[in-house]
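Q: I am new to this structure. Please take a close look at one part of it with me.

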Amino acid sequence: MNSSDGPAADPTAPRADPHNPTGRSFLGQPGPLANLFSVELWERFSFYGMQGILAIYMYFSATQGGLGIDETVALGIVGAYGGSVYLFSILGALVSDRLLGPEKTLFGSAVMIMLGHIALALVPGVPGLIAGLLLVGIGSGGLKSTAATLVGSLYSRDDPRRDAGFSIYYMGINIGGLLGPLITGFAQQLWGFHLGFALAAVGMAVGLIQYALTRKGLPESVHAVPDPLPRSQYPLWSGIAVGTVALVLVLVLTGALNAGNLATVVSGLAVVGAIVIFALLLTSKKLDADERSRVVSFIPLFIGTAAFFALFQQQFTVITLYSDTRLDREIFGWEMPISWVQSFNPFFIIALAPVLAAVWTKLGPRQPSTPRKFGVGIILMGSAFLLFLPMASVVKVPVMWIALIMLVATVGELWLSPVGLSLATKLAPRSYPVMMMALYNLSVALGTSLSGSLATFYSAENEVAYFGALGAVTIGIGVLMLLIAKPVGTAMRGVR
């Protein structure tokens, strides 16, 4: 070795962990988890803070600071918007995998979310609503499709800290979901809607600034594009994108696509997308018999997930209207903001998720199979809707009654949602690992958009029929899921 080669590397020196380049720790986890925990907390703060006051902003009269949109149309728009976020998550996954990589996609998505909240806060009227919802919807879809990927990049596949790290990360989601409606709802009640939207923008800006300052500490792998789109295909996909935007504009200008049918259109897109993906998977020669059987087993679980979220997501549609018109929100002479009702769900998740996780751990192999968990979760969701019935004749419903309803719904969520997300990854064929996650997102998109379509049938006069019918049908779907749990479990071919 000559002098220009420099000193030899010490073979005994510890090598930097490629999953944690900073070498720092956070609650016993890789240091960058703190960064992702924070950005997701603030993103959920802004998202649920905005969504907590979105419906009433649309249907409140101009004298109350709102837009004066018809109530049923407003609730349909909220459902369609919520469903579109899950559709946009598929677009975000494609951009991440083929164009930008997960880290850049997440950063750009967070910027879009912040700009969307700024549009809602500063641009008056319907133009601000349209611009804000488009930016927040596309941005939230992109962030939803990449954030978990970045968390996963902090661990090797056999790192025993992995599950605990995701638990901490999901706690950030629910802390943000708890605080968002509380703070923006309080601001809206005192100072108006636009300050509420502005606080959502500030929350996202805090998370974004903190993320921008520390994003370099993430593993190198998240900056790479997993499956780069060949440059020769750029013109083709650019043409498809321009054509899609042009088609949407034509449909809007001709009235074929309008605020009144938006939720139905999103539901239709979710159904068509699911049929196409199921057909693609089931006819592919790349799947062996076990993989094809697992795809078939996901069909009833797809339907069950959609049925669950069609009711669960009504906390942002019908339950918001119910909280405004039917709930006694007065506490010692002070009126609780309407959006505060939406903080019950994340509060109960924070309190109960560790309990249920401990129960599953204690039971181990004796815990119910995933199809049975789905059945119980769906039955609990239907039962939550039946709890509205005893209050049908009560003029002013106590706040604690809606808290009880959300408690039952949240327990149902804990039986279904976490295991459904995990199941989609376990049932995925080796050749199409992303497609099953796309199907799961489509099932949530379908259920969420249906929550808007169904909301158009609600009124205080027919609430017995509305809550009774939806609750009974959903319980029936849950019972059916329990009845077919054994054959569905067999079709999953070793996946529990």
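Which residues touch the most other members of the largest nonpolar core?

A: Met50, Phe298, Tyr322 and Ile402 do, in a core of 92 residues. A nonpolar core here is a set of buried Ala, Val, Leu, Ile, Met, Phe, Trp, Tyr and Cys residues joined through side-chain atoms within 4.5 Å. Buried means under 20% relative accessible area, exposed over 50%, and partly exposed in between (1.4 Å probe, protein chains only). Helix H13 (residues 399-427) gives the most to this core: twelve residues. Helices are DSSP runs of H or I, at least four residues, numbered from the N terminus.

The model is predicted: local features need pLDDT of at least 70, side-chain atom pairs count only at pLDDT 80 or more, and totals for chains, interfaces and linings use all residues. Residues are numbered from 1 along each chain as its sequence is written, and side-chain values use heavy atoms, with hydrogens and water left out.

Now look at Phe298. Leaving aside residues up to four places away in sequence, Phe298 touches Phe278, Leu423, Leu427, Met436, Leu439 and Tyr440. Contact means heavy atoms within 4.5 Å.

There is also a second, separate core. It has 25 residues, including Val39, Leu41, Val151 and Leu154.

Buried residues also occur in helix H6. Among them are Phe193, Phe197, Met204, Leu208 and Tyr211. H6 covers residues 193-214, and its end C-alpha atoms are 32 Å apart.

Notes
Helix = DSSP H or I, 4+ residues; strand = E, 2+ residues; numbered from the N terminus. Expected span 1.5 Å × (residues − 1).
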